[in-house]
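Thanks for making time this morning. I would like to walk you through one chain, so please have the sequence and the model open as I speak.

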Amino acid sequence: MLRLFLSRSNTHNINSTRRSLVSSILSTSCSSYHSQQTVAHLRKNDEAREIFLVGTSHVSKASARETEELIRLVKPDVIAVELCEERFEQLKEQMKEDKEEKTKKTKKKRSFLGDFLAIVKNVSSNRDLGALDRCLAIGLKAFYASLKSSGMEPGEEFRVAIREAERLNARLVLADRDVNKTLKALRESVSVADVFGWFVYGEKKGGPTLPPEFEKMAAAGFNSTEMQDNMEAMKNRNAVGQMKKYMQFQFPNIMSAMVHQRDDEMADAIKREKDAEKIVMVVGLAHVDGIVERLAGEYTEVMSVNDSE
């Protein structure tokens with residue numbers, strides 16, 4: 001049946017069977033309940049070409065498991081990831097270090113201070129960045145370093161995708177915009193007036209509210225089991241969609257730099273893969289709906305979070 005599900009066909013009966021199988025497989029094969037709420041399955045209009053968008057939380061172990069399970073189920077010829085060349089090389093270096101530590105059976109002792117100093121040294125050596133861009137880069141990298149020192153592993157789903165691409169001999173596509181361009185866009189999106197307004201007046205009134213899942217996560221405190229449970233509860237397209245509406249109302253320029261412009265870049269990366277029959281794309285959940293919207297003219301979403309088949 002799985003072979004039938006993944007084969008080419010234009011007949012109505014087989015298309016109906018494939019659609020039912022997609023719903024059944026995504027709801028039962030993946031270990032996490034959230035698979036139905038984080039995977040968007042798209043089919044190219046009038047062609048036997050499919051895309052599976054896996055929306056993840058970058059610090060979620062469940063997201064890494066779902067990524068591996070879906071890739072092994074679909075066996076794509078292309079795997080696209082929300083990485084640029086620089087971030088990919090950094091991740092490959094980390095994977096190499098982790099492998100060496102495992103071989104030596106010794107665990108390198110990590111501390112947030114040590115990681116922070118390494119980040120400052122690395123970013124400061126990048127002469128392509130201005131002073132403010134360097135500060136933003138250090139801040140973002142330090143945030144992820146703090147998560148790592150607290151026992152979480154940011155980007156594990158990307159490690160999984162890279163390993164699976166090598167195992168399947170699938171083409172790996174680095175779909176994201178260069179991180180330095182994103183930092184520049186972020187810096188240019190924030191004015192002194194914006195910062196002053198946030199500190200003096202706080203959030204704008206009268207707009208969308210934060211999703212309750214996010215408020216629970218924030219109230220639970222950092223590095224707690226409850227926070228991680230709430231993070232998993234937040235991992236669905238409805239909650240993230242509500243969060244994006246809130247952010248769009250409060251910080252439209254930041255949303256443009258950090259989300260919308262990158263959605264454009266990643267959707268274009270997919271469109272360039274004209275010879276691929278099956279693509280699995282691994283991105284943060286905040287990017288899924290934007291990419292789906294940008295592909296809407298060429299692709300139809302077969303199953304969404306609200307489908308009941």
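This is a predicted model: local features need pLDDT of at least 70, side-chain atom pairs count only at pLDDT 80 or more; totals for chains, interfaces and linings use all residues.

Residues are numbered from 1 along each chain as its sequence is written, and side-chain values use heavy atoms, with hydrogens and water left out.

The protein chain holds 15 helices and 6 strands, taken as DSSP runs numbered from the N terminus (helices are H or I with at least four residues, strands are E with at least two). Of its 309 residues, 44% count as buried, where buried means under 20% relative accessible area, exposed over 50%, and partly exposed in between, with a 1.4 Å probe and protein chains only.

Helix α10 covers residues 192-201 and includes valine 195, which is partly exposed at a relative accessible area of 31%. Among the 10 residues of α10 the count of buried ones is 1, so the helix is hardly covered. Just after α10, glycine 202 takes a positive phi of about 75°.

Strand β1, residues 39-44, is by contrast mostly covered, with 6 of its 6 residues buried. On one side these are Val39, His41 and Arg43, and on the other Ala40, Leu42 and Lys44. β1 pairs with β2 (residues 50-56) in the antiparallel sense over 5 bridges, pairing being called when DSSP finds at least two bridges between two strands. Leucine 42 stands opposite isoleucine 51 in β2.
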